[in-house]
Amino acid sequence: MVQGPNHRLQIVVLGAAAGGGLPQWNCNCELCRSVWDGDGALVPQTQSSIAVSSDGEHWVLFNASPDIRQQILNTPTLHPGPPGHYGRRHSPIHAVVLTNADVDHVAGLLILREKQAFSIHASPSVLGVLDANPIFEVLDRDLVARVPETLEQPFEPAPGLEVELFAVPGKVALYLEAGARDAEGRLATDTETDNTVGARIRTTDGEAEFFYIPGCARVSDTLAQRLAGAELVLFDGTVWQDDEMMTQGLGAKTGRRMGHMAMNGADGTIAAFDGLDIGRKVFIHINNSNPAWLPHGRAHKQVEAQGWEIAHDGMEIRL
Ligand code: MLT
Ligand code: MN
Ligand code: ZN
């Protein structure tokens with residue numbers, strides 16, 4: 001990818017879909033079926049991740065999806081550089097920043113084994129989940145630093161790139177829910193802790209900046225104030241309607257129960273962003289049940305009419 005003189009940030013959507021991807025391995029919902037049948041209405045989409053660089057050479061992944069190997073294959077800028085220059089082992093992936101410990105955001109770390117140096121940056125709680133799971137020891141700690149990041153304190157995971165993590169309403173990862181219930185068995189699904197964070201990503205000179213928030217249960221006042229006036233926001237687009245998994249016969253959970261807000265509706269994301277004066281709004285982490293995937297469908301048209309875009313694998317944005 002050639003960096004234009006006026007661009008300071010390059011963003012590549014590696015995976016636009018939520019956990020499971022589109023299609024999901026065991027799913028016969030209308031959209032997954034459409035892809036299985038190859039009817040041409042939709043192309044497959046991989047799971048939740050973006051890559052960002054300010055120099056076109058050092059890339060930072062935001063989340064490491066189970067589809068990471070395919071995502072690297074699909075993205076020439078993430079292939080190893082020429083052996084004459086870089087030797088037998090190289091990767092442009094300099095660091096991975098995690099926004100939570102969900103399977104769709106951490107499982108790809110296991111693919112990044114093989115004695116390659118990079119660093120992992122995440123909140124203390126999210127790193128704690130990795131530390132408690134011995135399978136992540138396949139990443140040799142002598143080569144792969146795990147760096148706990150204090151919320152709201154900028155750090156530089158790659159040259160020229162500054163990141164700040166902040167709490168957003170959400171919950172612990174699905175597989176940790178049992179241990180997170182209170183004495184009455186209740187589970188908090190929209191508390192602002194370091195279990196689920198958003199990322200403010202900018203060049204170190206502050207010339208370009210955007211937000212990446214692939215999981216969010218609610219737009220709190222704090223979050224609205226933080227995002228107001230932003231040039232670009234990539235935001236949780238898991239479901240179109242809170243109860244769509246239930247109405248489609250796919251499961252018993254609402255979007256809210258999964259820690260995600262719906263795009264549509266009075267308390268949905270489109271309404272919550274109204275008036276925040278954001279330059280470009282892109283939905284990402286979109287579940288295969290979400291009808292907004294369908295380019296000619298009503299939901300998609302409504303999304304676009306409200307000034308939003310639907311991300312897709314391979315989408316490139318430059319700031
Ligand atoms: C989510 O985004 O809610 C999770 O990825 C769900 C899951 O872990 O399956
Ligand atoms: Mn997810
Ligand atoms: Zn499906």
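Predicted model: local features only at pLDDT ≥ 70, side-chain atom pairs only at ≥ 80, totals over all residues.
Let's start with strand 2, which covers residues 49–53. Here 5 of the 5 residues are buried, so strand 2 is largely enclosed by the rest of the structure. If you look at which way the residues point, S49, A51 and S53 go one way, while I50 and V52 go the other way. Whichever way they point, all of them are buried.

Strand 2 has a partner in strand 1 (residues 10–15), and the two pair in the antiparallel sense over 5 bridges. To find one of these bridges, look for G15, whose bridge partner in strand 2 is S49. Strand 3 (residues 59–62) also runs antiparallel to strand 2, joined to it by 3 bridges. Here V52 has V60 of strand 3 as its bridge partner. Strand 2 and strand 3 make a hairpin, with 5 residues between them. In that turn sits G56, which has a positive phi of about 75°.

Next, the rings. The whole structure holds 5 aromatic pairs. One of them is F235 with F273, an edge-to-face pair with 4.9 Å centre to centre and 65° between the planes. This pair links distant parts of the chain: F235 belongs to strand 11 (residues 232–236) and F273 to helix 8 (residues 269–273), 38 residues apart. Both F235 and F273 are buried.

F273 also pairs with W308, again edge-to-face, at 4.9 Å centre to centre and with 65° between the planes. Because F273 lies in helix 8 and W308 in strand 13 (residues 308–310), this pair ties together parts that are 35 residues apart in sequence.

Last stop: N288, in the loop between strand 12 (280–284) and helix 9 (298–305).

Setting aside neighbours within four places in sequence, N288 is in contact with G21, L22, Q24, C27, C29, L31, C32 and W293.

Key. Residues numbered from 1 in each chain as written. Chains lettered and ligands numbered in written order. Heavy atoms only, no water. Helix = DSSP H or I, 4+ residues; strand = E, 2+ residues; numbered from the N terminus. Contact = heavy atoms within 4.5 Å. Phe/Tyr/Trp six-rings, centres within 6.5 Å; stacked < 30°, edge-to-face > 60°. Buried < 20%, exposed > 50% of the residue type's maximum accessible area, 1.4 Å probe, protein only. Pairing = 2+ DSSP bridges.
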